[in-house]
Amino acid sequence: MATSIHLDTVRKEFRTLGNTHVAVDDLSLDIPEGSFTTFVGPSGCGKTTTLRMLAGLETPTSGTVSFGDEDVTDLPPQERNVSMVFQSIALYPHMSVRENIGYGLKVHGVPKAERDERIDEAAAVLQIEEQLEKMPAELSGGQQQRVALGGAFVQDPDVLLLDEPMSDLDAKLKSDLRVEIQRLHQELDTTVVYVTHDQTEAMTMSDHVVLLRDGELAQVDPPKQLFDYPNSEYVAQFIGMPSTNVVDCAVEAGDGGTALVGPGFELSLPAGIDAPTAGRVRLGIRPQYLDVGSDGACRLSVDVEVVETLGTESVVHGRLEDGTSFDVVSDAVDDAVAGDRLDVSFDLANAFVFGEDGETILFGSERAGERSSPAGAGGVTP
Amino acid sequence: MSTALKSRLAAAGSALRERDVDGTTLLLAACFVPMLAFFVVVWVIPIVYALGMSLFASPVRSPEFVGLGNYAELLGNGAFWGFLWNSVVYAVATTGLSLVIGLGLALVINQRIRGGDALRTLMIFPYLLPTLVVIFMWKFILDPNIGILNQFLVDAGLIDKPIAFFSTLEFAMPAVVVTSVWKFASFAFFILLARLQAIDPDLYERARVEGATTWQAFRDITFPHLRGAILIILLVRGIWMFNKFDIIYLSTRGGPLQQTTTLPIRVYQLAFSEVNFGMATALAGVMFFLLAGVAVVYFRAFAPETEVA
Amino acid sequence: MATSTGRGLVSHDTQKRLQRIAVYLTALLISVFTIVPVYVMVVIAIQSPATTFAGGRVNLLPTEPSLRNFLVLLGSTDTVRYFVNSLVVTLGSTVLSTTIAVAAGYGLTRFDFTGKSLAARAVLFSYMFSPIVLAIPLYVVFSTLGLLNSHFALTLALTAISAPFCIWLMWQYFQTVPIALEESAWVRGASRWRTVRDVVLPVARPGYISAAIFAFAVAWNDFTMARVVMSRDEMYTITVGASLFLDRVNIGWGETMAVSLLISIPPFLIALFLQRYLLQGFSVGGLE
């Protein structure tokens, strides 16, 4: 039966010969039962370490881990009702597929008949019935990963952990397996925690996304929230492909009101916004929200360097007049060439304003912080 | 073996930290106790005991502490240096020749000639056959009365009388070396062949396209790839040959007239022919320190321990 | 085929042909050098001395194979007893070395402690050790304990020289076994011990077979340790016992070659049936 997961100021330090590396820095997190939560972030951000602490393969230096009401912090992996799928797949090479899937059941003393029944069921769900009597070495990467998923499925765990299970697979397999995993989630009554560095996976599969940075929580929200309301520059740039454009601006107060002045453009802030009136800020605008032409409130010119045609739209990689790199995604730029000067525009409503500390000040014309943390995600956003 | 002992103590004393999984103290013990017990009982204790014994004259019958007297007597005796020289000659000659033959054959097999596979399988024989068998074979071949080599040489008119190779002063060491090379060239062969076959053939293709001769290709592509293996073979097999006892003992017992007596043979003689355990353990001690010195060089140069730790 | 840019005195073609000849010549020479002694041994073993040495010369073409040499061997020597001794100590030290090596290799790989580098060097150092230099101290200790001329003592001595490399082999081998395999079993409820039994040992099989082969070869081949530890005839291993044959008046070359054949059988069988494990040892060890 699925349980909720609660991390309370969990800290993990690794000590080697005089150096102490803090992998997870006082992380607190609530994961609702039955949800599909993804930990995402660049290498070294602590996502795998946190996952391993959920599995019991690492013990926190301090803090507690709870499944529902039960404190499992010091419980070894054998005694937690979790299943885990590893990045390296980790199939036992000397056991057949059937034995691989059924190993956990065998350890728990499930009689053979029932084992076989459950293995057959798992194999049917994952479409690997033909492979049941084969050895792992005879299978392709995708099939092997399905076997690993089968082994996890068959345990009927409270918590299902997946550690970058698709890193070693090609793009087509990845998209197939993404569907499989989501189907599994629906079939099983379990809480899924998924770790990846690929934000596309995170955004497409999850109920909630936990973005980590250097062992700390950057933001936890459903994917759409993360996309539309990043609470820091880090989040805005990590989520979304290509990355959000970020430009340095100065805040100038004038007769007509406050304006953000950037390289080659000026954006007036409407009256009544709770915005800074002086200093420097950084403006973020997603490449997808730029319109070709001069209709929007803020106009600027981009020197085109590279154009990638994707069929339905194109990505223009270019630079602003001060050298800041700037990308544009649009279906109206198909005939742009390197060396062109492209005029684009956008509206404040689609932009983010970040303070010098990286925190978001404005979402469009909304002041950050006025939005309450959405209920259900339960994350503590620092 | 004090270094081994120190490492054991260091391991036990320092905080033994392993991966954060419970209930493994028993496993830990099961892993390390056998090895540690074994090393202490079979290596450390005997060696320490023997080193201690080397400080006594006639330690078995009437022990008399002489400090480094045995060592002084050993090293002061001119014969010692002769034995050392024999050891060096034997080690260098055997290793050198083994390397040359092994390398030559590896290069040949690498050319993928017809019968190459058969030849490679053939080379397993010397590796397989027990040393005693190799000795018997060569003793027969080189026998003065019915050995086929003598038979051949006499028939070909190269010599008048058969030569008793193993008992003739000039030929004893060469005979022993040839016997040893027969057995050990195959080691060098297999190691070098493995390295050779790991070289990307595209490198040679490119060299051909750029106009290099066979010699230049060997010098600039093949040799650099083999350099590491050659050095290791020279050093490790060199040490091994320096320490070899059975081949020489079985073929000549160290004779004739100590002509083929190397340090290992001498140790045996001191212990069992002359029953002088003080001197025997002293010589063993000398060899121990010699080996330790070479080992230090080896570790500095190659750092082989990094493969596991 | 186009000639090269005219380097050297001869054309590319001739150069290639000469090289080809040199290569085949070398191969031929080395083949002869390698085969002849083995052939000689086999021929002399399977013919009675009367046939081999007829006419005062050595006749190397097998005309009348016979079992005479083997029968004499079994009849007038203690060959069988020597073989039994060899088997006992060889099997004993093989089992001991392999067990120690598997346990140590696993522990050294999985557990962290300071001084690992030193431990590695210690293992390698003992591997480079001269057997005779260890044999003398062992003799002294065994003598003091009254263990000379016992199977037990020789088994220990043989383990002493084979264990270091076996430990090194298994240590290297376990590096290639991902801990994720064990973690996967833990998460599914298997205790650490159970995981060792169900996962670690089966996966380590190629490794410990290689180690066992090495230990077997070292022990079977050994002369030094056996010569030092055993002084009574009935305890001799086959290597020591046979080495004394040539000194005896009633044992000739025929019987000597016959016993040589017999001694070669176990290693030969190993090479025949367990070849791929041999090569594993080479690629891992690189030293031996």
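Figure 1. Over residues 21-46, chain C is 96% helix and 0% strand, and the end C-alpha atoms lie 36 Å apart. Over residues 82-106, chain C is 100% helix and 0% strand, and again the end C-alpha atoms are 36 Å apart. UniProt, in an unreviewed entry, gives the feature "transmembrane region" at 21-46, 82-106, 118-140, 152-171, 199-220 and 251-274 of chain C. UniProt positions follow the numbering used here, feature names are shortened, and annotations may be inferred rather than shown by experiment. Helices (H or I, at least four residues) and strands (E, at least two) are DSSP runs, numbered from the N terminus. This is a predicted model: local features need pLDDT of at least 70, side-chain atom pairs count only at pLDDT 80 or more, and totals for chains, interfaces and linings use all residues. Residues are numbered from 1 along each chain as its sequence is written, while chains are lettered from A and ligands numbered from 1 in the order in which they are written.

**Figure 2. Where chain B meets chain C.** Here 86 residues of chain B are in contact with 85 residues of chain C. Two residues are in contact if their C-beta atoms, placed from the backbone, lie within 7 Å. Helix H2 (residues 25-53) of chain B gives the most to the side of chain B that touches chain C, with 16 residues. By class, that side of chain B has 67 nonpolar, 14 polar and 5 charged residues. Ala, Val, Leu, Ile, Met, Phe, Trp, Tyr, Cys and Pro count as nonpolar; Asp, Glu, Lys and Arg count as charged; the others, Gly among them, count as polar.

Figure 3. The UniProt annotation "domain: ABC transmembrane type-1", from an unreviewed entry, covers residues 84-298 of chain B. Over residues 84-298, chain B is 77% helix and 0% strand, with end C-alpha atoms 20 Å apart. B:Asn150 sits in helix H8 (residues 148-155) of chain B. B:Asn150 counts as buried because it has 21 C-beta neighbours inside 10 Å. A residue is buried if 20 or more other C-beta atoms lie within 10 Å of its own, exposed if 12 or fewer, and partly exposed in between; C-beta atoms are placed from the backbone. Leaving out residues up to four places away in sequence, B:Asn150 touches B:Pro144, B:Pro162 and B:Ile163. B:Ala29 is 121 residues from B:Asn150 in sequence and 61 Å from it in space, C-alpha to C-alpha.

**Figure 4. The two domains of chain A.** Chain A splits into domain 1 (5-233) and domain 2 (234-367). These bounds come from an automatic or database domain assignment. The domain centres, taken over C-alpha atoms, are 37 Å apart. In contact across the boundary are 13 residues of domain 1 and 17 residues of domain 2. On the domain 1 side, helix H6 (199-205), strand S9 (208-213), strand S10 (216-221) and helix H7 (223-228) of chain A each supply at least two residues. By class, this side has 6 nonpolar, 5 polar and 2 charged residues. In total, chain A has 8 helices and 22 strands. Buried residues make up 43% of its 382 residues.

**Figure 5. Where chain A meets chain C.** This view shows 18 residues of chain A in contact with 16 residues of chain C. Strand S6 (82-85) and helix H2 (97-107) of chain A are the elements that give two or more residues to the chain A side. By class, that side has 11 nonpolar, 7 polar and no charged residues.

**Figure 6. Helix H3 of chain A.** The 15 residues of H3(A) (residues 112-126) should span 21 Å at 1.5 Å a residue, and the end C-alpha atoms are 21 Å apart, which agrees. The expected span is 1.5 Å times one less than the number of residues. Buried in H3(A) are A:Arg115, A:Ile119, A:Ala122, A:Ala123 and A:Leu126. They cover an arc of only 100° around the axis, so they lie on the same side of H3(A). The arc is that of the directions from the helix axis to the C-beta atoms. These buried residues pack against H2, helix H4 (141-154) and helix H5 (171-187) of chain A. The face turned away carries exposed A:Ala113, A:Glu114, A:Glu117 and A:Ala124. A:Gln127 follows H3(A), with a positive phi near 60°.
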